[in-house]
Amino acid sequence: MPGGGFCKLPGGSVVVAIGLPSPAGDGATVRFLVHAANRARALTRLRNLGLRAVYLRGNAEPPTPDEITAVLHHPDGLLWRSAAGTTGTTTQELWHSIRTLPTAS
């Protein structure tokens, strides 16, 4: 089961953070951030990208304040990066636009 969570914002919208296997099929885990009107729409945005088995059960890993700020300031409202600890470095990778998401070749 993927780890993830959500945070409801004062305006009524939500930010969903969820860790899923990389679409590139390399065995890595990718953390996605989605800003949407509600949780169902956030998960639908991910499913429309081809990530079909996306479900959020529980709130074990909600987005951090830094993650919320990053997704709110991005025009698409949809970001990703490799999950912490999988890159093999001590510095964290920067957030990427969803347009740069690698796909299986």
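The dialogue below goes through strand pairing and then the nonpolar core.

A: Keep in mind that this is a predicted model.

Q: Which strand is joined to β1, and by how many bridges?
A: Pairing is read from the bridges between two strands. Here β1 (residues 4-8) is joined to β2 by 5 bridges, and the two run antiparallel. C7 stands opposite V15 in β2.

Q: What lies between β1 and β2?
A: The two strands form a hairpin, with 5 residues between them. In the turn, G12 has a positive phi of about 100°.

Q: How many bridges pair β2 with β3, and how many join β3 to β4?
A: β2 and β3 pair over 8 bridges in the antiparallel sense, with A17 opposite L33 in β3. β3 and β4 also run antiparallel, joined by 5 bridges; there V34 stands opposite L78 in β4.

Q: Is β3 mostly covered or mostly open?
A: Buried means under 20% relative accessible area. In β3, 6 of the 8 residues are buried, so the strand is mostly covered.

Q: Which residues touch the most other members of the largest nonpolar core?
A: That core has 18 residues, and I18, F32, L46 and V54 touch the most other members. At least two of its residues come from each of β2 (14-21), β3 (29-36), α1 (39-47) and β4 (78-82). Another core, of 7 residues, lies apart from it and includes L9, A17, L33 and I68.

Q: What is F32 in contact with, beyond its neighbours within four places in sequence?
A: Its contacts include V16, I18, L46, W80 and L101.

Note on methods
Residues numbered from 1 in each chain as written. Predicted model: local features only at pLDDT ≥ 70, side-chain atom pairs only at ≥ 80, totals over all residues. Heavy atoms only, no water. Core = buried A, V, L, I, M, F, W, Y, C linked by side-chain atoms within 4.5 Å. Buried < 20%, exposed > 50% of the residue type's maximum accessible area, 1.4 Å probe, protein only. Helix = DSSP H or I, 4+ residues; strand = E, 2+ residues; numbered from the N terminus. Contact = heavy atoms within 4.5 Å.
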